Amino acid sequence: MARDSRYDILFEPVRIGPVTAPNRFYQTPHAAGLGWQRPKAGAALRGIKAEGGWGVVCTEYCSIHPTSDDSPYGFLTLWDDDDVAALAQTADAIHAHGSLAGIELWHGGSHASNRMTRMPGIAPSAIPAMYHLPTTARGMDLADIKAFRGWQRDAAIRAKRAGFDIVYVYAGHDYLPFQFLSPRHNQRADAYGGSLANRVRLLREMIEDTKDAVGDSCAVAVRLAVDELHGPQGITSDGEGREIVAMLAELPDLWDVNVAGSLGNDSKSARFSAEGYQEPQVAFVKQLTTKPVVSVGRFTSPDVMVSQIRRGIQDFIGAARPSIADPFLPTKIREGREDEIRECIGCNICRAANNEGVHLRCTQNPTIAEEWRRGWHPEKIASFPRREKVLVVGAGPAGLEAALSLGRRGLDVTLADRNGKLGGRILNESTLPGLSTWIRVRDWRQHMISKLNNVQVFPGSEMTAEDIAGFGAEHVVLATGSAWRRDGVGVNGMDVLDLPGALTPDDVFAGAALSGAIVIYDDEHYFMGGALAEKLARGGHKVTLVTPNASVSSWTAMTDELGFLQTRLHDLGLAMHTGRLLRGRGKGHVKLACSASGSESELACDTLIVATGRLPHDGLYHELTATPQAFTLHRVGDCLQPSSIADAVYSAHRFAREFGEAPVAVLRRERPPVKDIA
């Protein structure tokens, strides 16, 4: 298909100092969780992005010195010359597809825990370390600042030797250079503190040092948070953020700008932000500089991308999460296949992986971070050697993914679902406040299945064990999902409770009658309890949210949503009881116990909704395995193990990839050479 001429502007080359990007698609630095320990996996992940058409592909954060150690999280290092060869693999993988390779040099300052190196932390002033450890970062003296500038210079030289085209000066996300800029962190009284000109001094010197180190063959980019979102006591886009850009406007070769009082502000989920949400804070930058500008905003729509360029907001389309969800997004637009873009849903499961210290995962793209370890390609899948028939029962996220991936392998697939609409659990969950983008999981797979003539879809077709046995398929895949428990068994409360008349989220979605004082008991701790409470409160119900944890929906801390959720629920005036276990139900009340002391209390309750654990819908599986069958039988997704949508999609994709293949006993792992092992 020919490219839509409206999108031609996205494929114009853009000059960045001494180098030229082949188009306007810019994969901004983002964590992958692979770090310095897994250079081959990291190179493969970035290489796929370049193959997918991103004109610039950047690494994750790369530490310039052992005083910036983020263990146990996955980060890169350029501490010495031994790091050069490992990172050269990434630069080479990116260059293999004609893209520019960028590297984000990083020092965390008081953000760095230094758990591995045991080095004292450093900061502009002596302040408590921000995360991980009950310690205080040491205030830097002038000798420390001189040494720090040397570390940046040395790392830049090594980055150039490794083959990178764009070298970053990283002054965002509350890291060390930004800590010098912000009056919230910088309490110095010397030439590096006090006035804004003094606080900008180190950043200016870093840019000059880095440019001097890399010479005229590499571009120097500055990543700057132009607004801390902390109000007048911090840097704001209509105050000092604007002044900083004006002071340094022509010094770097590129401005990479964002908002960041924390990483959660810069990567805000779709639940709390719209596409392009950073525009109000970053739009001023291009007015102050002739250098190219890039920013992010979870861009998935080509029309929105073109609008950003034509209205002078930025010169590139910056993306982290959309490039994870679909590494081939640029290629699909270039080839006139924008309908095939696997859009990011903004669920922030990718951020959860980073916060948990493991490699990337994505709800939409199950192949991310599996490019080297499992050899998975997001757009390619091996053909099955025989044209055999497969029946997939259940068209939720796992069933849709199984049907699509098996269909792409060339099998004859029939997908049946008892519901008149495809989507399974997504049909309900996408109706919760802020989660409408989640329906994209269904929409993309349903659309791609419609392009395959070897996949037939039958909604409104409930399959019994007898129906399945008589269908004539050689293989049967059960993706029948799961159901919420109504007995109160959850993460903290493991006792089976007698809860007469209790409802589950499934009942609420099915239209169960709700009346009086509603209590939602959340012992699952992800999105359901808080989102359901918000929906019912907005619907005019009197709702109290109860949880045994210290905060509501506590696992959303992993997805960087907890603070935003707490603010929203407080603004709604929602009553919340934390640290309370559900112990039973009486007439007009529920019985609670303090999670710590066990002291008991009662809370008025006319309608009880329990969001605790889920059980698999595996009755068909056990019925079919009770007698010998003429077909192979498999389970995927929640039917096998109730979990997140991301895990359901991954489960089905892995099954489809490995279907008919010899089982993989051990995952491919990167190990040090034998000679290096004592």
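**Notes on loops, helices and cavities**

1. Let's start with proline 72, which sits in the loop between strand 4 and strand 5. Strands here are DSSP runs of E with at least two residues, helices are runs of H or I with at least four residues, and both are numbered from the N terminus. The peptide bond leading from serine 71 into proline 72 is cis, with omega near 10 degrees.

2. A word on the ground rules before going on. This is a predicted model, in which local features need pLDDT of at least 70 and side-chain atom pairs count only at pLDDT 80 or more, while totals for chains, interfaces and linings use all residues. Residues are numbered from 1 along each chain as its sequence is written, and side-chain values use heavy atoms, with hydrogens and water left out.

3. Asparagine 114 is worth a look. You'll find it in the loop between strand 6 and strand 7 (122-123), and its phi is near 55 degrees, a positive value in a residue other than glycine. Is asparagine 114 buried or exposed? It is buried, because its relative accessible area is 3% (buried means under 20% relative accessible area, exposed over 50%, and partly exposed in between, with a 1.4 Å probe and protein chains only). Setting aside neighbours within four places in sequence, asparagine 114 is in contact with Pro66, Thr67, Ser68, Asp69, Met119, Pro120 and Gly121 (contact means heavy atoms within 4.5 Å). Valine 393, by comparison, is 279 residues from asparagine 114 in sequence and 50 Å from it in space, C-alpha to C-alpha.

4. Aspartate 174 also has a positive phi, near 65 degrees, in a residue other than glycine. Its place is the loop between strand 10 (166-171) and helix 4. Aspartate 174 counts as buried because its relative accessibility is 6%.

5. Now phenylalanine 527, in the loop between strand 20 (517-522) and helix 18 (528-538). It has 3% relative accessibility, so it counts as buried. What is phenylalanine 527 in contact with, leaving aside its neighbours within four places in sequence? The contacts are Arg271, Arg425, Glu429, Leu432, Leu435, Trp438 and Thr556. Alanine 611 lies 84 residues away from phenylalanine 527 in sequence, with 10.0 Å between their C-alpha atoms.

6. Helix 2 (residues 82-95) isn't straight: it bends by about 25 degrees at alanine 88 (the bend is the angle between axes fitted to the seven residues ending there and the seven starting there). Alanine 88 is also among the buried residues of helix 2, along with Asp83, Val84, Leu87, Thr90, Ala91, Ala93 and Ile94. Their cover includes helix 1 (39-51), strand 4 (56-63), strand 5 (76-77), strand 6 (100-106) and helix 3 (142-162).

7. In helix 6 (residues 240-248), the buried residues are Gly241, Ile244, Val245 and Leu248. Why are they on the same side of helix 6? Because they cover an arc of only 95 degrees around the axis (the arc is that of the directions from the helix axis to the C-beta atoms). As background, an α-helix has 3.6 residues a turn, so residues three or four places apart point the same way. Helix 4 (176-181), helix 5 (196-214), strand 11 (219-227) and strand 12 (254-259) are among the elements covering the buried residues of helix 6.

8. A cavity is a set of points, on a 1 Å grid over the protein atoms alone, where a 1.4 Å probe fits but cannot get out, and lining residues have an atom within 4 Å of a point. Points are joined across faces, edges and corners, and the volume is the space filled by probe spheres set on them.

9. The largest cavity has a volume of about 100 Å³. Of its 14 lining residues, Cys344, Cys347, Cys350, Cys362 and Thr363 lie nearest its centre. Helix 10 (321-325) and helix 12 (349-356) each supply at least two lining residues, and the largest share, 3 residues, comes from helix 10. The lining divides into 8 nonpolar, 4 polar and 2 charged residues (Ala, Val, Leu, Ile, Met, Phe, Trp, Tyr, Cys and Pro count as nonpolar, Asp, Glu, Lys and Arg as charged, and the others, Gly among them, as polar).

10. The second largest cavity comes in at about 70 Å³. It is lined by 13 residues, with Arg342, Pro366, Glu401, Arg408 and His653 nearest its centre. Helix 13 (397-408) gives the largest share of this lining, 4 residues. The lining of the second largest cavity divides into 4 nonpolar, 5 polar and 4 charged residues.

Methods
On a 1 Å grid over the protein atoms alone, a cavity is a set of points where a 1.4 Å probe fits but cannot get out, and a pocket is an open set with protein on both sides within 12 Å along at least five of seven lines; lining residues have an atom within 4 Å of a point.
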